[in-house]
Protein chains: 2
Amino acid sequence: MRPSAKRLPAKPRRPAARRAPTQKPYHHGDLRRVLIDAALQLVGEGGPDGLSVREAARRAGVSPGAPFRHFPSREALMTAVAEEAQRRFRAEIEAALTEAPADDPLARFRHLGLAYLRWAMRNPTHFEILSSRRFFDHDKSVQVSRDNNELIDLTGRTLAEAFAKGQLRVTDLKQVQIAGRALVYGFARMNIDGHFPRWGVNDAEAERTAEAVLDLFIAGIAQR
Amino acid sequence: MRPSAKRLPAKPRRPAARRAPTQKPYHHGDLRRVLIDAALQLVGEGGPDGLSVREAARRAGVSPGAPFRHFPSREALMTAVAEEAQRRFRAEIEAALTEAPADDPLARFRHLGLAYLRWAMRNPTHFEILSSRRFFDHDKSVQVSRDNNELIDLTGRTLAEAFAKGQLRVTDLKQVQIAGRALVYGFARMNIDGHFPRWGVNDAEAERTAEAVLDLFIAGIAQR
DNA sequence: TCAATTGTGTAATCGATGCTTACATTCACA
DNA sequence: TGTGAATGTAAGCATCGATTACACAATTGA
């Protein structure tokens, strides 16, 4: 609730509306949200280490101690950032999946992998924090772990459907899934960790190579 | 300066040899080496963030400013740690390769991947620092980049030999190599980043799964 | 032999950070 | 309308990386 939009029917003593525009109100309004946005930006700019509680407070125009009213620790703020990133990650993958053919599980699997890779390549720092346990305790975030598990289940089901349709020549789907995860995760992390020095973020060649690598993997497991 | 302990040439001044054993000499002896060892230990214990210049100095029994005589920055100390780790990494991989059959390139490729995975699984924090550009500037370490490039070249040559012998069904070796790197790197990083919560370090099941995943990949590219 | 040079350690200090405590202000509700 | 809860500020702590001035020691060369 913003301080200007309160009840106060009959009282002329300086309401927030009459406050001088340059003078900011004592209460921020939606500091929690603003802090998360600032933190998202900081992580985007400087990676996980770029997140500073004080800097986030600075950008929100608030005292250095204020964020601790909303987040008990830097790690908690990082967790909130990861939750927001995970939400976007999952949303984009599921959106991409709606455009995939419903009756071709292997093609859906490919769409899944491509959407995964594309988001990871375009949002490297955000992908990094939600993928590594170093930056926050995944067990303490129900949303991140749930979203992640559902994504894993989704690929598992898709693979099972592909197998049921006779699209796979391999039988151990569990290992196929782990290998597939390792492949896309490894590619995404190689990009993050600077193993592709010729590419910049959003480089089209990077995404083309990602696609080729994914297709190589799929060709290896597909029936032919 | 300490006024009481001036130079005073003609005096029963105690030379280093006659110094009491409990009293440590002013000069450490081999501080640089000891600092690297302490730093290796710190990284092994607490990951990359666990390295603190002060703590390394503390363990070396030296003042907080002393390490800066040997390393201009924390990053430089981390680079030295990474160089030592990279040296061990490469040595172990090359040692494993000597035990591989000389006339079977694909088997050698497999040995290469297995040695890579094994070392990464058993030395997760050390693998992490030498694999990510976050912790030090790879361009500033000739050793790390050279060792890494030679390892990459080694796998490239092995793949080329396998192809020449007709052991591969794929033609784009460049993409096979990138996919292979992504696979083992992704698996190693998944382990580091806590994606295999059931496993501990040195868990035999982890290495067995790593082997199975690698074999799945090789089966996908091998001629049959 | 011994004085100068160079190398290597200490002590003190700086600014930034995460985090805590005490206090101030405002909101929400009975 | 008044009171407790929520949310901000101010001040301060410990730790960290890093710098500077200074102390001590080993090496060198005339």
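Predicted model: local features only at pLDDT ≥ 70, side-chain atom pairs only at ≥ 80, totals over all residues.
Figure 1. B:Glu128 forms a salt bridge with A:Arg134, and the closest N and O atoms are 2.1 Å apart. The pair joins two chains, because B:Glu128 lies in helix 5 of chain B and A:Arg134 in the loop between helix 5 (124–131) and helix 6 (142–164) of chain A. A:Arg134 counts as partly exposed, at 25% relative accessibility. Side chains of opposite charge can pair when their charged atoms come close.

**Figure 2. Helix 5 of chain B and its cover.** Helix 5 of chain B is mostly covered. Eight of its eight residues are buried.

**Figure 3. Salt bridges between chain B and chain A.** Six salt bridges are counted between chain B and chain A. In one of them, the side chains of B:Arg189 and A:Asp193 meet at 3.3 Å, N to O. Which residues are linked in a network of salt bridges? From chain A they are A:Asp49, A:Glu128, A:Arg134, A:Arg189 and A:Asp193. From chain B they are B:Asp49, B:Glu128, B:Arg134, B:Arg189 and B:Asp193. The B:Glu128 to A:Arg134 salt bridge of Figure 1 has its closest N and O atoms 2.1 Å apart. Over all chains, the structure holds 42 salt bridges.

**Figure 4. The side of chain B that touches chain A.** Polar contacts between chain B and chain A come to 13 residue pairs, both residues being at pLDDT 80 or more. Three elements of chain B give two or more residues to this side: helix 5 (124–131), helix 7 (173–192) and helix 8 (204–221). Helix 7 of chain B gives the most, with twelve residues. By class, this side of chain B has 16 nonpolar, eight polar and nine charged residues.

**Figure 5. The area buried between the chains.** The size of an interface is often given as the accessible area lost when the parts come together. Between chain B and chain A, about 3000 Å² is buried. Carbon and sulfur atoms give 62% of that area. Which three residues supply more than any other three to the area that chain B buries against chain A? They are B:Arg134, B:Asp193 and B:Leu216, with 20% of that area. The contact takes 33 residues from chain B and 33 residues from chain A.

**Figure 6. Chain B superposed on chain A.** Two copies of a chain are related by a rotation about an axis and a shift along it. Here the rotation is 180 degrees and the shift along the axis is 0.0 Å. Chain B then superposes on chain A with an RMSD of 0.0 Å. That is the relation of a two-fold axis. The same surface serves both copies. Of the contact residues of chain B, 100% recur in chain A.

Figure 7. In chain A, the side chains of A:Glu55 and A:Arg58 meet in a salt bridge of 2.4 Å, N to O. Both lie in helix 2 (residues 53–60) of chain A, three residues apart, about one turn of the helix. A:Glu55 counts as partly exposed, at 22% relative accessibility. A:Arg58 is exposed, with a relative accessible area of 52%. In chain B, B:Arg59 forms a salt bridge with B:Glu55, the closest N and O atoms being 3.1 Å apart. These two lie in helix 2 (residues 53–60) of chain B, four residues apart, about one turn of the helix. B:Arg59 is partly exposed at 38% relative accessibility, and B:Glu55 is partly exposed at 22%. An α-helix has 3.6 residues a turn, so residues three or four places apart point the same way.

**Figure 8. The fold of chain A.** How many helices and strands are there in chain A? There are eight helices and zero strands. From the N terminus on, the elements run α-α-α-α-α-α-α-α. Buried residues make up 47% of the 224 residues in chain A. Among contacts in chain A between residues at least 6 apart in sequence, 65% join residues at least 24 apart.

Methods
Residues numbered from 1 in each chain as written. Chains lettered and ligands numbered in written order. Heavy atoms only, no water. Contact = heavy atoms within 4.5 Å. Buried area = accessible area lost by both parts, 1.4 Å probe. Salt bridge = Lys/Arg side-chain N within 4 Å of Asp/Glu carboxyl O. Polar contact = N/O pair within 3.5 Å; in protein donor to acceptor, adjacent residues only side chain to side chain. Nonpolar A, V, L, I, M, F, W, Y, C, P; charged D, E, K, R; others polar. Least-squares fit on C-alpha atoms with pLDDT ≥ 70 in both. Buried < 20%, exposed > 50% of the residue type's maximum accessible area, 1.4 Å probe, protein only.
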